[in-house]
Amino acid sequence: MRAYTPKDDVQKKSYYTDRFFVSPQVPKFPVENDEVFTKDLEAIKAKFEVSEAYIQVEQMVVFIQPEDNYKVLELMKNELEYTQLSELSAIDWLAKENKFEVFYQMLSMNKRKRIRVKMFIDKDQAVNSVEKLFRSADWSEREMFDMFGIEANAHPFMKRILMPYDWQGFPLLKTYPLQGDEFAAWYEVDKIYGKEARDIIGPELRDTAKVDRYDSQRFARLGHEVPKGTKITGNEPKNEQSYQEEGGVFLIKKLNKKDSVVIDDPQR
Amino acid sequence: MAQHKVNYTKDGGLPVALTSIDKIVNWGRSNSIWALTYGLACCGIEMMASGASRYDFDRFGTIFRASPRQADVMIVAGTLTKKHAEFIKRLYDQMTEPKWVISMGSCANTGGMFNTYSTVQGVDRLIPVDLYLPGCAPRPETLQYGVMLLQKKIRANSASRAQKAKRLM
């Protein structure tokens, strides 16, 4: 039997201090544990300033200076055989240290190793585009600009990729509300019908779980449907629902279940 | 002797049918609802299944058209993003009157599970909707039933009167 715990003041105690589950950090190991990574790190350190490096989940993480990013990736591509850029994006640390973390996930098919190159940039600071080195950076950098507002210098087409061109705000910032700001809430109404239509169309109804049986604008009570906008008193007559009129339809036969035959002989 | 001699006096045998203009026009309209091919998300898969041989939309005269100018009904099958919102309005405007709209699935009805910044919270914010189909995604049977209800709705309206253009505002 389970031990009894008194539940008198269970409501008064707060169960959780963190709003979300905070997972423990994955352990980090020194780079010297891996031969290949040690050589790679030496090659990078010989030419560039590396602030931190460690191995996490069998991948090396290297922190570099933001102005070196093109040169470091060029070195890794041409000399260290890291020929693929699998992923490139940013992390919003603005609330914590007023910085963005930009990362480049590199893959070497020959060495069968992955290196994550990271760097911290300030807010409103642009990064150097690596699109000339890796074609995959083209869309990734556009997405980074779309979602965080981080521009990539010397990118051939620095425009939004997912959101519309005339969108305002950067949705992946931690300060951006999930359900959108004022601009996002009225975007389609403003664009199609104009600002003066806001009063007619009304604000978005975000509580999709809300069911009001006296609301005939959004809901119809099944079996008691009324025209849209009718004031509901609660004494609506019952409507029999059927897919076809009772009297039959011109030139169309209605299925009469009594007269129909179910063929259950597979050998017929 | 003719084996298949038609008995003209029996019901349906006479090669003449008497009816009103209203009924014949509505019969034609309701049994040739050409739908705009407009799958926006996973509901589009169910819409395609409805059109394919197992569920066979052709039996209802519903044939998918790739052009809004040839379509009578727009089945909004899927999530409408705010980026795409202007195009649904444009496609709806390009359809010729009379036209109807079926909002298929939770996303098209209310935005559904996408309670986010980039999803339109119900297509009825932009275009007038005739029929809302619940489900995520609705089965092809639901869509077929919806088309049959739409046929019933078309038959209930007077066809001879000039159709009043439907406008949201």
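Me: What do strand 3, helix 3 and strand 4 of chain B make together?

Reply: Strand 3 of chain B, helix 3 of chain B (residues 85-94) and strand 4 of chain B make a right-handed β-α-β unit. Right-handed here means that, with the strands pointing away from the viewer, the path from the first strand over the helix to the second runs clockwise. Helices (H or I, at least four residues) and strands (E, at least two) are DSSP runs, numbered from the N terminus.

Me: Before we go on, what kind of model is this?

Reply: This is a predicted model, in which local features need pLDDT of at least 70 and side-chain atom pairs count only at pLDDT 80 or more, while totals for chains, interfaces and linings use all residues. Residues are numbered from 1 along each chain as its sequence is written, chains are lettered from A and ligands numbered from 1 in the order in which they are written, and side-chain values use heavy atoms, with hydrogens and water left out.

Me: OK, how many helices and strands are there in chain B?

Reply: Chain B has 5 helices and 5 strands, and from the N terminus on its elements follow the order α-β-α-β-β-α-β-α-β-α.

Me: In what order do the 5 strands of the chain B sheet come?

Reply: They form an open sheet in the order 2-1-3-4-5, with parallel pairing; two strands pair if DSSP finds at least two bridges between them. Strand 2 (64-65) and strand 5 (131-133) of chain B stand at the edges with a single partner strand each, so one side of each has no neighbour in the sheet.

Me: And which residues are bridge partners around strand 3 of chain B?

Reply: On one pairing, L36(B) has M74(B) in strand 3 of chain B as its bridge partner, and 2 bridges join strand 1 (residues 35-36) of chain B to strand 3 of chain B in parallel. Strand 3 of chain B is also joined to strand 4 (residues 100-104) of chain B by 5 bridges, again parallel, with W100(B) as the partner of V73(B). L36(B) also stands opposite R65(B) in strand 2 of chain B.

Me: Why is strand 3 of chain B described as largely enclosed?

Reply: Because 5 of the 5 residues of strand 3 of chain B (residues 73-77) are buried, the strand is largely enclosed by the rest of the structure. Buried means under 20% relative accessible area, exposed over 50%, and partly exposed in between, with a 1.4 Å probe and protein chains only. V73(B), I75(B) and A77(B) point one way from the strand, M74(B) and V76(B) point the other way, and all are buried. In a regular strand the side chains alternate between the two faces of the sheet.

Me: Are C43(B) and C136(B) buried or exposed?

Reply: C43(B) is buried, with a relative accessible area of 6%, whereas C136(B) counts as exposed at 63% relative accessibility.

Me: Now chain A: which domains is it divided into?

Reply: Chain A is divided into domain 1 (28-153), domain 2 (173-203) and domain 3 (204-234), with bounds that come from an automatic or database domain assignment. The centres of domain 1 and domain 2 of chain A, taken over C-alpha atoms, are 37 Å apart.

Me: What about the sheet in chain A, what order do its 6 strands have?

Reply: The order in this open sheet is 1-2-3-6-5-4, with mixed pairing, and the edge strands are strand 1 (28-29) and strand 4 of chain A, each of which pairs on one side only. Strand 5 (residues 99-108) of chain A runs antiparallel to strand 6 of chain A, joined by 10 bridges, and M106(A) has I115(A) as its bridge partner there.
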